[in-house]
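Please read these notes alongside the model.

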Amino acid sequence: MIKEAVEKAIINQIKNEEHSSRLYLSMASWCQVKGYPGAAAFLFKQTDEERMHQLKFVHYLNDRDGYSQLLALDNPTAEYSSLLDVFEKVMIHEEFITASINDLYEVALNNKDYTTGNFLQWYINEQIEEERTMHGILDKMKLAGNEAGGLFHIDKELSALAAAKVVATLVTE
Ligand code: FEO
């Protein structure tokens, strides 16, 4: 049986991942209506990926004889000043998620729950990858500046990144 403190921390992380999914959906929607189809496609894929992160926790906690309850969520940000602003906010959010995964890992180890610690390794690696990807996108955006040609090029690159992204499907039985 999973300890209550670990269960509580996982339930909080389920909320964080669900919020991530909704935040990226909100950003994808903004990009779509502002004429950035590549960025929108990329963020729609991110939305699915965050949903997968959420589900992976839901199944894990239930499999450990816990109960994955859902918590209330805040509204995701709907207004952005530019494409750069969107991706700067993605970066800030991913850094927040990395910190929250690290906090959860600490709770697991403090409770001698090494099984959860082991399970969290996948998320720790995933966060390294997510932060690296977002840093790369931000660096290119800053190089491109705010002129239309540069942004058009970045949007095409994001479209290619989205096409290459395979969101793993979860085995749920
Ligand atoms: Fe599930 Fe991008 O953090």
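1. Conventions. Axes are lines fitted to C-alpha atoms, for helices over the stretch in contact, and angles run from 0 to 180 degrees between N-to-C directions. Helices (H or I, at least four residues) are DSSP runs, numbered from the N terminus. This is a predicted model: local features need pLDDT of at least 70, side-chain atom pairs count only at pLDDT 80 or more, and totals for chains, interfaces and linings use all residues. Residues are numbered from 1 along each chain as its sequence is written, and side-chain values use heavy atoms, with hydrogens and water left out.

2. α4 against α5. Helix α4 (residues 114–144) packs on helix α5 (residues 148–164) at about 160 degrees, with the axes 9 Å apart. That makes α4 roughly antiparallel to α5 (under 35 degrees counts as roughly parallel, over 145 as roughly antiparallel, 65 to 115 as roughly perpendicular, the rest as oblique). Their crossing is right-handed; a crossing is left-handed if the near helix is turned anticlockwise from the far one by less than a right angle, and right-handed if clockwise.

3. Residues of that contact. From α4 come Ile137, Lys140, Met141 and Ala144; they meet Gly150, Ile154, Glu157, Leu158 and Leu161 of α5. Contact means heavy atoms within 4.5 Å. The residues divide into six nonpolar, one polar and two charged. Here Ala, Val, Leu, Ile, Met, Phe, Trp, Tyr, Cys and Pro count as nonpolar, Asp, Glu, Lys and Arg as charged, and the others, Gly among them, as polar.

4. α1 against α2. Helix α1 (residues 4–33) and α2 pack at about 165 degrees, axes 8 Å apart. The two are therefore roughly antiparallel. Their crossing is left-handed. The contact of α1 with α2 has 16 nonpolar, nine polar and five charged residues.

5. α3 against α4. The axes come within 9 Å and cross at roughly 165 degrees. α3 and α4 are therefore roughly antiparallel. α3 passes α4 in a left-handed crossing. By class, this contact has 19 nonpolar, six polar and six charged residues.

6. Spans and ends. α1 has 30 residues and reaches 44 Å from first C-alpha to last, close to the 44 Å expected. The expected span is 1.5 Å times one less than the number of residues. Glycine 35 follows α1, with a positive phi near 90 degrees. α3 (residues 83–110) has 28 residues and reaches 41 Å, close to the 40 Å expected. Lysine 112 follows α3; its phi is positive, near 55 degrees.

7. Aromatic pairs. Rings of Phe, Tyr and Trp (its six-membered ring) pair if their centres lie within 6.5 Å; planes under 30 degrees apart count as stacked, over 60 as edge-to-face and the rest as tilted. The count comes to eight aromatic pairs. Phenylalanine 57 and tyrosine 123 are stacked, at 4.1 Å centre to centre and 20 degrees between the planes. Phenylalanine 57 lies in α2 (residues 37–63) and tyrosine 123 in α4, so the pair ties together parts 66 residues apart in sequence.
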